[in-house]
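This briefing walks through the fold, from its sheet to its helix packing and aromatic groups. Please keep the sequence and the structure in view while reading.

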Amino acid sequence: MNIMTVSHYLKELRLPAAAKALSDLLRETQDRDFNHLEFLSVLLRYELDQREENTVARRIKQARFPQVKNLETFDFSLIPSVSKTRILALTQGQYIEEKRHIIFMGNSGTGKTHLATALGLAACQQGRKVRFYQAARWVEELVTAREEHRLLKLEKEWMRDELVILDELGYIPFSKTGAELLFQFCSTRHELGSIIVTTNLDFEKWPEVFGDVRMTEALIDRLTHRADIHLMNGESYRFRETLQQRSIANTSQQLNNE
């Protein structure tokens, strides 16, 4: 039996990664004097590893992050109010198991979306189903779905996700219908799955976005019932990057003039 035949069998058994790597793994293991059982173990382990990588990549794509960011690129020293230890603990995903929520609240540009995305990425890497929504766009989608009688379908999708990220809540006020729909969806999901919310507004200002004090109070009560709240006040990341870019540009210009 030759290698092409074995490769064909692997493909027929729907083991494409093992089939593709067969020749390379044979060469690598020959030098180590592996027996048949050891080689089979290496081959199957390779297939499993590739499947896991593919699953994670698919989860990340399905999450629809605007940008994929991790904690390695987050500078905690700029936001002293945020505990690095607490954030690292959250990457383990226990809050998802317990169906708790996370709220990142603070000034614009302080990295709220970065942290929310990093936690979402960690959840994807654990094999969880995650979905990222920009709050204003999601409300628009809800309103359109209501008009087209698709709300039930969207609700089912919302409930299937183990973690939902609702980003930039508070940047744009909602219509009465939009606010009611978002309240309805958050209330329905409240005890069924975790939500991460990023917002630039203190809770006392949320009625300005939702337009109804009682409804807003009810929503805040649900979200904060089992939530980790992280206050993020510090220098804007974007402002800092702008200053750095200007400094680099000025230095470059000076060098060119010299």
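Predicted model: local features only at pLDDT ≥ 70, side-chain atom pairs only at ≥ 80, totals over all residues.

- The open sheet is built from 5 strands in the order β2-β3-β4-β1-β5, and the pairing is parallel.
- Its edge strands, each of which pairs on one side only, are β2 (130-134) and β5 (227-232).
- From one strand to the next, the twist averages 10°.
- Strand β1 (residues 101-106) runs parallel to β5 and is joined to it by 6 bridges, and within this pairing I103 has I229 of β5 as its bridge partner.

- β2 pairs with strand β3 (residues 163-169) in the parallel sense over 5 bridges, where F132 has I165 of β3 as its bridge partner and Y133 stands opposite L166 of β3.
- V130, F132 and Q134 point one way from β2, whereas R131 and Y133 point the other way, and all are buried.
- Because 5 of the 5 residues of β2 are buried, this strand is largely enclosed by the rest of the structure, although β2 is an edge strand that pairs on one side only.

**Helix α6 and its crossing with α3**

- The axes of helix α3 (residues 36-63) and helix α6 (residues 112-125) come within 8 Å and cross at roughly 140°, and the crossing in which α3 passes α6 is right-handed.
- On the α3 side the contact is made by V56, R59, I60 and A63, and on the α6 side by L121, C124 and Q125.
- Sorted by class, the contact of α3 with α6 has 5 nonpolar residues, 1 polar residue and 1 charged residue.

**A116 within α6**

- A116 has its place in helix α6, and with a relative accessible area of 0% this residue counts as buried, because the cut-off for that term is under 20%.
- Leaving aside its neighbours within four places in sequence, A116 is in contact with F104, I165, I196 and T198; of these, I165 is also the β3 bridge partner of F132.
- A116 and L71 are 45 residues apart in sequence, and their C-alpha atoms are 9.9 Å apart in space.

**Aromatic groups**

- A search of the whole structure finds 7 aromatic pairs, one of which is the edge-to-face pair of F74 and F76, with 4.7 Å from centre to centre and 70° between the planes.
- Both members of that pair, F74 and F76, are buried.
- One aromatic cluster is formed by F174, F203, W206 and F210.

Methods
Residues numbered from 1 in each chain as written. Heavy atoms only, no water. Pairing = 2+ DSSP bridges. Helix = DSSP H or I, 4+ residues; strand = E, 2+ residues; numbered from the N terminus. Axes fitted to C-alpha atoms, helices over the stretch in contact; angles between N-to-C directions. Phe/Tyr/Trp six-rings, centres within 6.5 Å; stacked < 30°, edge-to-face > 60°. Buried < 20%, exposed > 50% of the residue type's maximum accessible area, 1.4 Å probe, protein only. Left-handed = near helix turned anticlockwise from the far one by under 90°. Contact = heavy atoms within 4.5 Å. Nonpolar A, V, L, I, M, F, W, Y, C, P; charged D, E, K, R; others polar.
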